[in-house]
Amino acid sequence: MPELPEVETIRRDLNQQIPGAEVAGVLVHHRDLLLSGWTPGRFGAAVTGSVFGPLVRRGKFLGFPLGKGDARRVMRVQLRMTGRFAIGADSPPPEAGFRHPGIDFALADGRTLYYDDVRRLGGIDLLLPSEWRQMSRNLGPEPLARSFTGKRLHTILAPLKAPIKNVLLDQRRVAGIGNIYASEALFRAGIDPRRPAGELTLDEARGLHRWVRRILRGALEARGTRLRDYQAVNGRSGRYRDKLRVYGRYGEPCPRCRRSIDRLNQAGRSTFFCPACQR
DNA sequence: CTTGTACCCTGACCGC
DNA sequence: TGCGGTCAGGGTACAA
């Protein structure tokens, strides 16, 4: 799935076009995209007739505020690996290459918001504002927030024995970092991904914190990384791929020391790193 | 509480 | 051209 920079890019794109639009009807192509027990009938009835507010994001979750007053809800979307959005007048724009319709939201102005998800690992549900806040409390800090400091990161890591890479991927510790940017940040910070998180010194945590933020900001500026499935709204793609130092570069020379980039499996996913530069 | 593993699902790609 | 194996920006349920 898209990580924080990709999800934020999608949020900003949608935010140009969605707030103020009223939902005229919902077509659910795959009921397994509805989470938390929502059925197409109940979901469609709950959403139809409400108007979207400005979109929000927390970690990798997108929130579409809907309705007013006591009827306020937040439509929560998890894109996971292959979720995408497009907006079109009658069908998804051809450049978006949507071949796996998931849920279509017909808007009262004649446009349609399309959610497409090849693997259907993503999903959508409807929360009360209080439930959205509860979810938010269960997530770690936003890494780009001012309140997220190197010291704070060190405090989070201190009691943990799990490998630092696994901790960066754990959304309860820090929200929004995924497999690409975890590898990239650890490489830039010169930290071995297998090190127990609690072993990092304050200085190392500060260095990692700095690189996490730098990398996420850089990726955000580039509108994300496009590898396989991710695309921003209507197919507009990200350019950060060219800036990746180690991710996906197994066997290539390390950009710093020229030694071959290694790969290992952590928490069921690939970690790319330089065994010489990362200690 | 923490940590690791299996699993959800489809498609792209590689070697034979 | 076909086939099997592997891998994929994620998160959750469950076991230890």
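**Protein surface around DNA strand B**

In this predicted model, DNA strand B is surrounded by H100, V118, R119, R120, L121, L160, K161, A162, N166, R172 and R173. Sugar and phosphate make up 70% of the atoms of DNA strand B that come within 4 Å of the protein.

Polar contacts to DNA strand B involve both backbone and side-chain atoms of the protein. A polar backbone atom of K161 lies 2.6 Å from a phosphate oxygen of DNA strand B. For A162, a backbone N or O atom is 2.9 Å from a phosphate oxygen of the DNA strand. R120 uses a polar side-chain atom, placed 3.3 Å from a sugar or linking oxygen of DNA strand B.

R120 sits in the loop between strand 7 (112–117) and strand 8 (123–127). Its relative accessible area is 33%, so R120 counts as partly exposed, between the limits of 20% and 50%. The phi angle of R120 is near 55 degrees, a positive value in a residue other than glycine. R223, also not a glycine, has a positive phi of about 65 degrees. R223 belongs to the loop between helix 7 (202–221) and strand 9 (262–266).

Helix 1 covers residues 4–15. Its 12 residues should span 16 Å at 1.5 Å a residue, and the end C-alpha atoms are 16 Å apart, which agrees. Helix 1 is mostly covered, with 10 of its 12 residues buried. Among them are L4, V7, I10 and L14. The buried residues of helix 1 pack against strands 2, 3, 5 and 7, and against helices 6 and 7.

How values were computed:
Residues are numbered from 1 along each chain as its sequence is written. Chains are lettered from A and ligands numbered from 1 in the order in which they are written. This is a predicted model: local features need pLDDT of at least 70, side-chain atom pairs count only at pLDDT 80 or more; totals for chains, interfaces and linings use all residues. Side-chain values use heavy atoms; hydrogens and water are left out. Helices (H or I, at least four residues) and strands (E, at least two) are DSSP runs, numbered from the N terminus. Buried means under 20% relative accessible area, exposed over 50%, partly exposed in between (1.4 Å probe, protein chains only). The expected span of a helix is 1.5 Å times one less than its number of residues. Contact means heavy atoms within 4.5 Å. A residue is near a molecule or strand if one of its heavy atoms lies within 4 Å of it. A polar contact is a pair of N or O atoms within 3.5 Å; within protein, one must be able to donate a hydrogen and the other to accept it, and residues adjacent in sequence count only if both atoms are side-chain atoms.
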